[in-house]
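Please keep the structure open beside it and look up each residue as it is named.

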Amino acid sequence: MLVSFVWLQLAPGPGRGRTERKKAPQTAGATMVLIDPGHGGQDSGAMRNGVLEKDLALDVAHRLERLAQKRGFETMMTRRDDKWISLARRAAAANRERNCIFVSIHFDEGARAAATGVQTFYAAQQAPKSSIPSWLPFLQPALGEPGNIESQSLAAFVQEAIVARTRAFNRGTTAQQFYVVANVRHPAVLVEGGFLSNDEDIAKLTTEGYREELALAITEGLVQYRDLAGVRPATLALGDASPE
Ligand SMILES: [Zn+2]
């Protein structure tokens, strides 16, 4: 309840906002991917020897955008340069869309230098799919609903594709109520693409070739998810209370 309330407070009215949209030219009605490079601006995220998580995330995000467009996705990004964006604005950008897939890109650091590999997170409970006011009890999703199957599947496809392509250590998929995935009402995942605190991981991550492979793998996961999910039906019309 609190989550929906906060979301309703933060969600802006109709309008595109400042998130830039890029269309793949040949594909009308293509699935939208909202790419979210973690951190930015004064928030560097993890860091090691001058390598900053925010820079790696932005680089992989730009690669992912280019590759996803090649595969027929429309794309948007929550940031295109080194600036700070609140978590609320990142989630709101996704929630302005009728349908989209949300992919947040991060890198990790561990207390132990040995910690390595890739992990993909999803939220077991997400914001409601429609913007129906949360005080309408008969339209509420059941509380304590078991896992969010769409995001969980998306996480599995992305994780498997990354491990298959990069041979990174497989840390699996994990349900975690991270703000950006929990407050998005569409399929949403957060990828932790390696550890800046691990010598081997950082050696790979600082090469362009590896970052390109990582972006390519995430794209492959998105394609597999899209092919399986097919065209998602439009969000319940009742939910679209605002005029457009
Ligand atoms: Zn991060």
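**Notes on the model**

1. Glutamate 200 is exposed, since its relative accessible area is 63%; here exposed means over 50% relative accessible area, buried means under 20%, and partly exposed lies in between, with a 1.4 Å probe and protein chains only. Glutamate 200 belongs to helix α6, where helices (H or I, at least four residues) and strands (E, at least two) are DSSP runs numbered from the N terminus.

2. Residues are numbered from 1 along each chain as its sequence is written, and side-chain values use heavy atoms, with hydrogens and water left out.

3. How far can the coordinates be trusted along the chain? The pLDDT, which is the predictor's confidence in each residue from 0 to 100, has a mean of 83 for the protein chain, and 74% of the residues reach 70 or more. Over residues 231-244 the pLDDT is below 50, and this stretch has 21 contacts in the model beyond near neighbours in sequence, a contact being heavy atoms within 4.5 Å. The pLDDT also stays under 50 over residues 131-147, for which the model has 15 contacts beyond four places in sequence. Where pLDDT is low, the predicted coordinates should not be read in detail.

4. As for the overall make-up, the protein chain contains seven helices and nine strands, and 50% of its 244 residues count as buried. Among contacts between residues at least 6 apart in sequence, 84% join residues at least 24 apart. The accessible surface, computed by the Shrake-Rupley method with a 1.4 Å probe and, for residues, with only the protein chains shown counting as cover, comes to about 11,800 Å², of which 57% belongs to carbon and sulfur atoms.

5. The zinc ion deserves a careful look: it is coordinated by His39 (NE2), Glu53 (OE) and His106 (ND1), at 2.0 to 2.2 Å. Donors are N, O and S atoms within 2.8 Å of the metal (3.2 Å for Na, K and Ca), and since water is not among the atoms, sites may look incomplete. Along the chain the donors of the zinc ion follow the spacing H-x13-E-x52-H. Histidine 39 lies in the loop between β2 (32-37) and β3 (47-48), and histidine 106 in strand β6 (residues 101-108), so the pair ties together parts that are 67 residues apart in sequence. Both of these histidines are buried, and histidine 39 has a positive phi of about 65° although it is not a glycine.

6. Which residues have the most contacts inside the largest nonpolar core? They are Val103, Ile105, Phe107 and Leu222, in a core of 39 residues; a nonpolar core is a set of buried Ala, Val, Leu, Ile, Met, Phe, Trp, Tyr and Cys residues joined through side-chain atoms within 4.5 Å. Apart from this core lies another, of 16 residues, among them Leu34, Phe121, Val184 and Leu190. Leaving aside neighbours within four places in sequence, the contacts of leucine 222 include Val33, Leu64 and Phe73.

7. Helix α3 (residues 87-95) is largely enclosed by the rest of the structure, because seven of its nine residues are buried. These are Ala88, Arg90, Ala91, Ala92, Ala93, Ala94 and Asn95.

8. Is serine 197 buried or exposed? Serine 197 is buried, with a relative accessible area of 17%, and its place is in the loop between β9 (188-195) and α6 (199-205). A polar atom of its side chain lies 2.7 Å from the backbone nitrogen of glycine 110. Beyond neighbours within four places in sequence, serine 197 is in contact with Arg48, Asp108, Glu109, Gly110 and Ala113.

9. Alanine 113, by contrast, is exposed, with a relative accessible area of 54%, and is found in the loop between β6 and β7. Not counting residues up to four places away in sequence, alanine 113 touches Ser197 and Asn198.

Notes
Predicted model: local features only at pLDDT ≥ 70, side-chain atom pairs only at ≥ 80, totals over all residues. Polar contact = N/O pair within 3.5 Å; in protein donor to acceptor, adjacent residues only side chain to side chain.
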